[in-house]
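Here are my notes on the structure, written for someone new to this. Have it open while you read, and take the points one at a time.

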Amino acid sequence: MSIKIKEYAGTPLREEDLKQGKVLSIGYWPKAKYNWSAGVAIGRYLAELKNARIVGRQCDKCGRTVVPPRMFCEWCFRPNDRWVILKDSGVVNTYSISHIAADATRIKKPLIPTVIQIDGTTDAGILHLVGETDPKKVKFGMKVQAVWKRPEERTGAITDIRYFRPIER
Amino acid sequence: MTKFMRRAQETGKELAYEAARMALDSCGLRIEDIESVTMGSAPDAFDGVHMKGEYLIDGAGAWRKPYMRNYVGGGTGVFAPIHGWQHVASGLFDTCLVVCEEKMSSCRPHPQAAFLTIFDNFTERPLGPNLVWIFALEMHRYMHVHKIPKEKIAAVSVKNKKNAMDHPCAQLAQKITVEDVLNSEVLVWPVQRLDISPTSDGAAAVVLASEDVARKITDSPVWIDGVGWNLDTAYWTNRDLYYPQYVENAAKMAYQMAGIKNPRQEIDFAEPYDPFDYKELHHMEGLMLCKKGEAPDLVWEGVTQRDGKLPVCPSGGLLGVGNPIAAAGLMKICELFWQLRREAGKRQIPGDPKTAVAQAWGDLMQVGTVVVMRA
Amino acid sequence: MAPRVAVIGVGMTQLRSIAPDLSYKEMMFEAAVKAYNDAGVDPRRDVQSFICSSEDFWEGTSIFDEYVPDQIGASLKPVCTISADGLYSLITAYMQISTGLIDVAAVEAHSKPSEIVSIRNIMSLALDPIYVRPLAADPYFVAGLEMMRYLHESGNTREQCARVVEKNRRNALENPYAAYASQTTAQDVLASEAVCFPLGKMDIAEPADGAAVVVLASEEKAKDFCDDPVWILGLGWCSDTPCLEAREWGEATYAKVAADKTFKMAKDVRPKDLDLLEIDDSFSYKELQHLEAMGFCKEGEAGVLTEKGVTAPDGEIPVNASGGSLGMGYTFEMAGLQRLCETVLQLRNRAGEHQVKNARTGFVQCWRGIPTASGAAMILTSEGS
């Protein structure tokens, strides 16, 4: 029956067609502004980042300590039990070398997005960047240490950590 | 389905209409015969229309009908038919039209920029991440744990783009070699340009019917025998990314329903989701079509070619046909349909395929949606 | 015979005009804990499917589905998101259970409009980008146009619409979950600032933050977990055209079709058998329009019934005894689920101060808000438990 289909719809356009006004188009810049409530867990996380500290939460039932913190343990489905002040160092779980920015434009100096398992947690990682190193030298399992912004530069955001740098042996 | 392309003149409504119209024509039904409609479409941010599902109602043929939009990120294309299956198998409806549409080109200058908003607003967005970062992180972890050389992964891209040359709707069909992939521009190591599927516009649609109605319409209906879906934790940085547990869970759910005990033996061909080449391998393992770490060898040895023992992505997949997110998943369902009815033309796999599985993936490396279909 | 599906637990957070101390995750967790407690289930062990409701642009995050599982106990479990009101998700859960594949499902919806700074811009973003948005009008014009046409066709008056606001905001005084309870009078409403005539500021339900979770089960499981399940007797949903230009503005056809389907499925239930209605009143005139469209009274009658007190909590057909959206607060994609939670409380005789006497069978309806013409409806009963 679907052999009946002889032609498939779809009229391709090129970027030039739009630029040259060959097709009618309307542009619109949405105003999408939000003021998200960080809540209890992330509120504390961000406040502690301003103090140059990384905090996590621990669940007594399964024993896991996790970061970024949440007020509940998703595996046990119960409120978790305490705040834990973690070290600001960790281990590279996986990494990559990025030559593009968020909007897909090319960047000259590559970034090194990495999942870093923070010391003191149960293998819980956070997304951040590795810096102060040749990208080729990054290794799985490498130990890294947070490099913080100066106190007056910190605002209570994940970017209060500028990046993580490798800890020399 | 419509052609998949980087930029279509048609609006989202028109794309949905073309696909829906074609689906109805292909089985000789009229829109009046359709009792319910479900739409799958991924982020509103691409189209720049809030409540995109509402906007697409008329294009999807849902005027004055029960209509819902389901949305599980990239997994939508295979979840939409599952949602459609729920409409019919619940006994509420005899027919359901499933439409998936995507118009990514509306987002300018490049749709990829919209992906920034999928990341966590507090812990990730301030770092300015690009979507490709998480794929690169997962790919690198997968390669590291199983010691997979890049050549074997690149072979997937070569296979799929070549398969797509026989697909009339394909956007990126071409003959390339493993060297071409390895020499292509590095975007986020280890991901290179030819490892990735493009952003696309396109739509696809399928018509589902209950057994009685189906048998009146056609002599060879294709049955949905198994459905499964699963979502992993949002905390993706707390997981080991080398294995998609959520795909395995979804597959188990679908296989159990379909009565499949040994997927490697009982499945004749598969259409796993391949937005990146390594993803096809990752998902083959999640679908339990091979052991963990074994998939790269299967593709390298030609087992997953169309004439191999276990054809994978005979359509050309997302890498070859294109990636209008939700429509791409439904395209795989269409492929299963055409292959199982021996209507896939030049793409037809030899032999007499009876059982096949389609899978889609989505969210932040979280969603697995699986459908098993049988002739 | 179709398998029976019941609601076995509900959990709601208190609605608040702003909840700056809690993130949406924490609110969802609260609602989930309450619901699972009410149902007597452990989500990690007993709940097999989770369905959430959200629209990306309300949240400010694309693919919001990513962020739902952990706080409702759904990690590594079947989860999906329906981009619609929570009532639609509930209908999806009903379908899932009716297939026999799932026995126990949980449905979630939440609302945090206090976080949306540019909320009117987001509403405008739902308008057709080519034909309507360039007019650059305040999005409430859609409701203003509809209200004008509806009043003209039905003969109802602005005063009667104002009476709806008065009734619902006062009803909310008895509802501890409500955010906007007050001793409002119809005069206050008529004197309120014009937004898009005849729509005034107080004709519009104010936004509220909150979360709700509902647990459903198949007949067999319902009896295992719950002493007072509330059964779903009928449901229906319908979408009319999104095109403003093609729309028939006076009658809420989507509500009519949804209600027709609901009554058809509920076979033995007639409008007069219903003990209470919880329907959409996100705009004052909507309550009247929906009552007429769904056949609870004749066209043009709803205003008079409101004036006479027929729709008061102690009247013949209590409508929005909870306070509705006007009294409790408008919760966007949670609105329908809110109406359902209130109805379940009523049917189980747990509504406390705002309990409707002898409530056994109730009707719930939702509308997806401007600029849509989509809505869903449901009939539930605690009889036969």
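**Where the chains meet, and a sheet**

1. Start with one pair of residues: A:Ser98 has B:Val188 as its bridge partner in E4(B). That bridge belongs to a pairing between strand E7 (residues 97–100) of chain A and E4(B), antiparallel and with two bridges. Two strands count as paired if DSSP finds at least two bridges between them. Strands here are DSSP runs (E, at least two residues) and so are helices (H or I, at least four), numbered from the N terminus.

2. Before going on, a word on the model. It is predicted: local features need pLDDT of at least 70 and side-chain atom pairs count only at pLDDT 80 or more, while totals for chains, interfaces and linings use all residues. Residues are numbered from 1 along each chain as its sequence is written, and chains are lettered from A and ligands numbered from 1 in the order in which they are written.

3. (Nonpolar is Ala, Val, Leu, Ile, Met, Phe, Trp, Tyr, Cys and Pro; charged is Asp, Glu, Lys and Arg; the others, Gly among them, are polar.)

4. Where does helix H5 (residues 131–146) of chain B lie? It goes across strand E6 (89–95) and E9 of chain A, at about 90 degrees to E6(A). Angles run from 0 to 180 degrees between N-to-C directions, with axes fitted to C-alpha atoms, for helices over the stretch in contact.

5. E6 and E9 sit in an open, antiparallel sheet of five strands in chain A, ordered E10-E9-E6-E11-E12. Its edge strands, E10 (125–129) and E12 (161–166), each pair on one side only. From one strand to the next, the twist averages 45 degrees. Strand E9 (residues 113–118) pairs with E10(A) over five bridges, and A:Gln117 has A:Gly125 as its partner in E10(A).

6. Chain B touches chain C too: 50 residues of chain B are in contact with 48 of chain C. H9(B) gives the most to that side of chain B, with five residues. The residues on that side divide into 26 nonpolar, 16 polar and eight charged.

Methods: Two residues are in contact if their C-beta atoms, placed from the backbone, lie within 7 Å.
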